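Please look over the sequence and the model shown here, and then read the briefing that follows with both at hand.

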Amino acid sequence: MYDVKTFNAIAQSGLDTFRNDFEINKTDDPDAYLIRSVNLLEADFPQSLKTIVRAGAGVNNIPLDRVTEKGIAVFNTPGSNANAVKELIVALMIATKRNLFEAHQYSDEHTEADVSQRTEKDKTKFNGTELAGKKIAVIGLGHVGSLVANAALGLGMKVIGYDPYLSANAAWRINNKVKRVDTIKKAVKSADFVTIHVPKNEETIGLISTPEINEMKDGAVLFNYSRVGIVDNKAAVKAIRNQKINHYCTDFGEPIIADNPKITITPHIGGSTLEAESNGAIQGANTVMDYLQNGDTTNCVNLPNMQVAFETAFRITVIHQNVPNMVGQISTQLANRQINIENMANAAKDKVAYTIVDVNDLNQDDAEDLIHHLNSIPEVYRVRLIKHQ
Ligand SMILES: NC(=O)C1=CN([C@@H]2O[C@H](COP(=O)(O)OP(=O)(O)OC[C@H]3O[C@@H](n4cnc5c(N)ncnc54)[C@H](O)[C@@H]3O)[C@@H](O)[C@H]2O)C=CC1
Ligand SMILES: O=C(O)C(=O)COP(=O)(O)O
């Protein structure tokens with residue numbers, strides 16, 4: 001039996017995906033966390049915890065270095081909520097350019113009998129512009145950015161994209177009419193809209209600040225549906241004051257941007273649709289089961305991605321430092337006990353490596369002794385023994 005602890009609202013469809021040998025929220029010593037945006041940066045983690053699966057995209061709420069050294073594999077569910085974010089960006093482009101927020105407020109404030117006469121007189125205040133022919137810069141062309149770029153083309157817009165780390169898979173998804181450039185400044189130059197869809201990390205904090213904003217068209221609209229801090233909010237407020245930016249919409253409130261009629265703050269709802277929550281929860285549940293029962297690391301963010309067919313009676317998985325002679329030390333421990341290796345795979349990602357060893361003949365005593373000795377290798381973070389289901 002495996003135990004899973006959930007944080008945040010995990011869709012029932014995801015919880016229903018777990019097979020009978022998984023229990024949810026029954027213990028304080030779970031094998032897996034299934035989470036959304038809960039902040040785990042300062043959390044302590046139980047020794048029992050083998051994996052944290054983020055139903056969604058961003059993993060900046062997880063202390064990746066610390067959990068890696070504890071041998072905890074971290075996964076996300078790429079693309080599960082991308083369409084939800086895309087649709088919100090489209091809605092916000094229309095809402096800002098057709099003055100929907102102001103027009104709604106006007107109607108709210110004029111509910112008296114004269115409203116029909118005033119409407120015809122006042123409506124010119126809310127004249128808008130159309131999206132067709134306007135230019136949007138999309139910064140980050142991954143799951144969300146590629147959908148936004150393609151949707152904008154579909155609306156008749158000109159699309160400029162910037163993503164220096166674009167994966168081959170993402171590149172396939174992007175319409176070839178999206179013009180790619182090699183600097184942010186080139187991307188945002190004379191853009192009517194700038195939208196940013198990158199992970200939050202040391203490199204992306206402050207990615208959009210005064211120098212980038214100065215390149216945009218006067219009256220541009222800026223979106224930050226990625227994370228707080230990726231757009232420098234101080235610079236955004238200044239740009240609104242100077243009328244360089246006409247409107248700034250973000251999913252992440254901060255005191256500095258509060259109470260500004262030209263700033264629309266939504267309460268982190270980019271991925272909050274029934275469909276996205278269900279996609280993420282189902283994908284997340286399958287990821288938990290696959291890692292715990294097979295040791296596969298598809299969509300792992302802190303270990304190399306490995307899928308190895310599990311065709312033997314037992315699988316030993318080892319998370320360890322990416323240093324010389326680890327495979328040698330691991331196989332020596334098996335050879336010392338006359339255990340034949342049927343299949344072995346090893347891969348590395350940055351400073352971490354993952355080794356999968358498949359065996360058939362392993363008795364209980366050998367297994368305990370082997371796991372103990374493998375765990376005693378100083379560069380090893382965690383060893384697991386998985387019995388074929
Ligand atoms: N508001 C919300 O509810 C949601 C927010 N997000 C945020 O959006 C981010 C992106 O989500 P996805 O598109 O699903 O992730 P993704 O991983 O599919 O795409 C991110 C893209 O950013 C690119 N990138 C990385 N560093 C960059 C840089 N310095 N400059 C330009 N591009 C860079 C990567 O190459 C990748 O193509 C997430 O990390 C998360 O923080 C995602 C979903 C929902
Ligand atoms: O997937 C992401 O990165 C998001 O920001 C969505 O967060 P949530 O699952 O709504 O807490």
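How many Å separate the centres of domain 2 and domain 3, taken over C-alpha atoms? Those two centres are 49 Å apart, in a chain whose domain bounds come from an automatic or database domain assignment. This is a predicted model, in which local features need pLDDT of at least 70 and side-chain atom pairs count only at pLDDT 80 or more, while totals for chains, interfaces and linings use all residues. Residues are numbered from 1 along each chain as its sequence is written, and chains are lettered from A and ligands numbered from 1 in the order in which they are written.

**The chain as a whole**

- The chain is divided into domain 1 (1-80 + 274-302), domain 2 (82-265) and domain 3 (304-389), and its C-alpha atoms fill a box of roughly 90 × 45 × 35 Å along the principal axes.
- There are 13 helices and 16 strands in the chain, where helices (H or I, at least four residues) and strands (E, at least two) are DSSP runs numbered from the N terminus.
- Of the 389 residues, 39% are buried, a word used when 20 or more other C-beta atoms, placed from the backbone, lie within 10 Å of a residue's own, whereas 12 or fewer make it exposed and counts in between make it partly exposed.
- Two residues are in contact if their C-beta atoms, placed from the backbone, lie within 7 Å, and among contacts between residues at least 6 apart in sequence, 64% join residues at least 24 apart.

**Nonpolar cores**

- A nonpolar core is a set of buried Ala, Val, Leu, Ile, Met, Phe, Trp, Tyr and Cys residues joined through C-beta atoms within 7 Å, and the largest one here has 50 residues, with Ala137, Ile139 and Ala191 among those that have the most contacts inside it.
- Helix H3 (residues 82-97) gives the largest share of this core, eight residues.
- A second, separate core of 44 residues includes Tyr33, Val53, Val59 and Ala285.
- Leaving aside neighbours within four places in sequence, the contacts of Val194 include Ala137, Ile139, Met216 and Leu222.

**The two ligands**

- Around ligand 1 there are 33 residues, the closest being Gly58, Gly140, Gly142, Tyr165 and Gly270, where a residue is near a molecule if its C-beta atom, placed from the backbone, lies within 6 Å of it.
- Helix H6 (143-154) and H3 are the elements that give two or more residues to this shell, and the largest share, three residues, comes from H6.
- Ligand 1 lies between domain 1 (1-80 + 274-302) and domain 2 (82-265), because both of them give residues to its shell.
- The residues around ligand 2 include Asn8, Arg36, Asn81 and His268, and its shell divides into one nonpolar, nine polar and one charged, with Ala, Val, Leu, Ile, Met, Phe, Trp, Tyr, Cys and Pro counted as nonpolar, Asp, Glu, Lys and Arg as charged, and the others, Gly among them, as polar.

**Backbone details**

- Most residues other than glycine have a negative phi.
- Ser190, which is not a glycine, has a positive phi of about 55°, and Ser190 counts as exposed because it has 12 C-beta neighbours inside 10 Å.
- Asn325, also not a glycine, has a positive phi of about 70° and is found in the loop between strand S13 (314-321) and helix H12 (326-336).
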